[in-house]
Every structure is written in structure tokens, then in C-alpha cells.
Amino acid sequence: QVQLVESGGGLVQPGGSLRLSCAASGSIFRLGTMGWYRQAPGKERELVAEISSTGITNYADSVKGRFTISRDNAKYTVSLQMNSLKPEDTAVYYCNVAVAGWGTSWRNYWGQGTQVTVSS
């Protein structure tokens, strides 16, 4: 049993910054790829950024140069630093973590989602 708790969402003006964090807890033996997804009204959920267990990152073209994903394996956390925010970034953001329990196979877990609204 694994739980992901997200924090850091809110309302920000265009050009502003927010930092999202996601902390995992529970039956965790190993952490695989960790990532952030978002879903805007009327759109499908899309990958924003992900980071492998060895630190390899992948970003959506729309956020390259503005967002930075990082992880702290000791604390079981993944963060997303969002700078130069645009109204198009408005969405519910979800963290996703691949977890292997002790002696169990890999599976993915989702956070509860946190609202990010970019508006003047």
C-alpha cells in the first residue's frame, strides 16, 4: 500500500512561479521513474516531466526551459519547479511514481491532484 501526497498548487499570475512537491509513503522497497502529469479542462491527461531512478529527465516541449523536475530518493519525493508560468499551464497536476514493494512487482501510483491556476 502506497500513498502519494501532493502540495504546492495554487493561484499565480502569468510569469510567476510555483513549486509542486509529492511525497510517497507506505510499502516501498524501490522507486522507479517519477513524473508529473497534468489535465486541463476538456483535454486528456498529458506528461509534463519525468525523471528516472538514475536522474534522466524528459520534458514536454511546451515546458522545456521553464520547468525543472527533481527527486530525492532518500525522502521519497519528487518536485516540479515551475517558472515563467503561462495561462496555458492551468490544469490539475498529478504526480506518478513507479514503486516496487519488498518482493513485489512494479506498479504505478497516482497522487490526488493539485490545482494550478495561472491568471491575472
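View 1. At 6% relative accessibility, arginine 38 counts as buried, where buried means under 20% relative accessible area, exposed over 50%, and partly exposed in between (1.4 Å probe, protein chains only). This is a predicted model, in which local features need pLDDT of at least 70 and side-chain atom pairs count only at pLDDT 80 or more, while totals for chains, interfaces and linings use all residues. Residues are numbered from 1 along each chain as its sequence is written, and side-chain values use heavy atoms, with hydrogens and water left out. The partner here is aspartate 89, whose side chain meets that of arginine 38 in a salt bridge (3.0 Å, N to O). A salt bridge is a side-chain nitrogen of Lys or Arg within 4 Å of a carboxyl oxygen of Asp or Glu. The two residues sit 51 residues apart and link distant parts of the chain, with aspartate 89 in the loop between β8 and β9 and arginine 38 in strand β4 (residues 30-39). Strands, like helices, are DSSP runs numbered from the N terminus (strands: E, at least two residues; helices: H or I, at least four). Aspartate 89 is buried too, with a relative accessible area of 1%.

**View 2. Arginine 66 joins in.** Aspartate 89 also makes a salt bridge with the side chain of arginine 66 (2.8 Å, N to O). Arginine 66 lies in the loop between β6 (57-59) and β7, and aspartate 89 in the loop between β8 and β9, so this pair ties together parts that are 23 residues apart in sequence. Arginine 66 counts as buried at 11% relative accessibility.

**View 3. Lysine 64 and aspartate 61, another salt bridge.** The side chains of lysine 64 and aspartate 61 meet at 3.1 Å, N to O. Aspartate 61 is exposed, with a relative accessible area of 65%. The count for the structure comes to four salt bridges.

**View 4. The disulfide between cysteine 22 and cysteine 95.** The structure holds one disulfide, meaning a pair of cysteine sulfur atoms within 2.5 Å. Cysteine 22 and cysteine 95 form it, with their sulfur atoms 2.0 Å apart. The pair links distant parts of the chain, with cysteine 22 in strand β3 and cysteine 95 in strand β9, 73 residues apart. The torsion about the S-S bond is about 45°, so this disulfide is right-handed. Both cysteine 22 and cysteine 95 are buried.

**View 5. The open sheet β1-β3-β8-β7.** Four strands line up in that order, with antiparallel pairing; two strands pair if DSSP finds at least two bridges between them. The edges are β1 (2-7) and β7 (67-72), each of which pairs on one side only. On average, neighbouring strands of this sheet are turned by 15° against each other, direction ignored; the axes behind that angle are lines fitted to C-alpha atoms (for helices over the stretch in contact), and angles run from 0 to 180 degrees between N-to-C directions. Zoom in on β3 (residues 18-26) and β8 (residues 77-82), and you find six bridges in the antiparallel sense. Serine 21 stands opposite serine 79 in β8.

**View 6. Strand β7, one face and then the other.** In a regular strand the side chains alternate between the two faces of the sheet. Six bridges join β7 to its antiparallel neighbour β8, and threonine 68 stands opposite glutamine 81 in β8.

View 7. Tyrosine 76 lies in the loop between β7 and β8, and has a positive phi of about 55° although it is not a glycine. The β7 and β8 hairpin has four residues between the strands. Tyrosine 76 counts as partly exposed, at 30% relative accessibility. Now look at the loop between β8 and β9 (91-100), where serine 84 lies. Serine 84 has a positive phi of about 50°, and is not a glycine either. Serine 84 is partly exposed, with a relative accessible area of 41%.
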